[in-house]
Amino acid sequence: MRNILAGLAFAAALCGNVSAQAERRIFIIANNADAYGVDRCLATGATCGVAVASAYCRSRDFAQLQSFHKVDREEITGAVRSSSESCRGGSCDEFVAIECTR
């Protein structure tokens, strides 16, 4: 009987730890240049980008911003158009990774 109770207690503790882990997701977004400088804040990881990245997480129903930074095109596999398709007028799209948690 003690072994059964110990096993149930262990299983309950294990299940509790799994559900307590925060869900984490990384969003890759285009870092389009704008007149407001938001793109530079996100790409450089400057503190001015915290508000924008936090708002992005909240808009996707995530509670908290974990991190944000510029992502090189080589780091992204399969989801981004080739360089020739995403370059216009001498400038190419850049991308930012925003990591959010629940």
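This is a predicted model: local features need pLDDT of at least 70, side-chain atom pairs count only at pLDDT 80 or more; totals for chains, interfaces and linings use all residues.

Visitor: Where is Asp 61 placed?
Guide: Asp 61 is in the loop between H3 and E2. Helices (H or I, at least four residues) and strands (E, at least two) are DSSP runs, numbered from the N terminus.

Visitor: Buried or exposed, that Asp 61?
Guide: Asp 61 counts as exposed, at 62% relative accessibility. Buried means under 20% relative accessible area, exposed over 50%, and partly exposed in between, with a 1.4 Å probe and protein chains only.

Visitor: And what is the phi of Asp 61?
Guide: Phi is near 65° for Asp 61, a positive value in a residue other than glycine.

Visitor: OK, rings next. How many aromatic pairs are there?
Guide: The count is 2 aromatic pairs. Rings of Phe, Tyr and Trp (its six-membered ring) pair if their centres lie within 6.5 Å; planes under 30 degrees apart count as stacked, over 60 as edge-to-face and the rest as tilted. One of the pairs is Phe 27 with Tyr 56. That pair is edge-to-face, at 5.5 Å centre to centre and 75° between the planes.

Visitor: Which parts does the pair of Phe 27 and Tyr 56 tie together?
Guide: Phe 27 lies in strand E1 (residues 24–30) and Tyr 56 in helix H3 (residues 50–59), so the pair ties together parts 29 residues apart in sequence. Phe 27 is buried, with a relative accessible area of 8%. Tyr 56 is buried too, at 18%.

Visitor: What does Phe 27 do with Phe 62?
Guide: Phe 27 and Phe 62 form an edge-to-face aromatic pair, 5.6 Å centre to centre with 80° between the planes. This pair links distant parts of the chain, 35 residues apart. Phe 62 sits in the loop between H3 and strand E2 (64–71).

Visitor: Is Phe 62 buried or exposed?
Guide: Phe 62 counts as buried, at 4% relative accessibility. Phe 27, Tyr 56 and Phe 62 form one aromatic cluster.

Visitor: What lies over the face of Phe 62?
Guide: Arg 102 does, at 4.0 Å from the ring centre. A charge sits over a ring if NZ of Lys or CZ of Arg is within 6 Å of the ring centre and within 35 degrees of the ring normal.

Visitor: New topic: strand E5. How many of its residues are buried?
Guide: E5 (residues 95–101) has 7 of its 7 residues buried. Both faces are covered. Phe 95, Ala 97, Glu 99 and Thr 101 are on one side, with Val 96, Ile 98 and Cys 100 on the other.

Visitor: How many bridges join E1 to E5?
Guide: There are 7 bridges between E1 and E5, which run antiparallel. Two strands pair if DSSP finds at least two bridges between them. Phe 27 has Ile 98 as its bridge partner in E5.

Visitor: What about E2 and E5?
Guide: E2 and E5 also run antiparallel, joined by 7 bridges. Lys 70 stands opposite Val 96 in E5.

Visitor: Which residues make up the largest nonpolar core?
Guide: This core has 12 residues, including Phe 27, Tyr 56, Phe 62, Val 96 and Ile 98. E1, H3, E2 and E5 are the elements that give two or more residues to it. A nonpolar core is a set of buried Ala, Val, Leu, Ile, Met, Phe, Trp, Tyr and Cys residues joined through side-chain atoms within 4.5 Å.

Visitor: Where is Ala 43 placed?
Guide: Ala 43 is in helix H2 (residues 38–44). Ala 43 is buried, with a relative accessible area of 18%. Ala 43 and His 69 are 26 residues apart in sequence but 5.5 Å apart in space, C-alpha to C-alpha.

Visitor: Last one: how many helices and strands does the protein chain have?
Guide: The protein chain has 4 helices and 5 strands. Along the sequence, the pattern is α-β-α-α-β-α-β-β-β. Buried residues make up 27% of the 102 residues.

Note on methods:
Residues are numbered from 1 along each chain as its sequence is written. Side-chain values use heavy atoms; hydrogens and water are left out.
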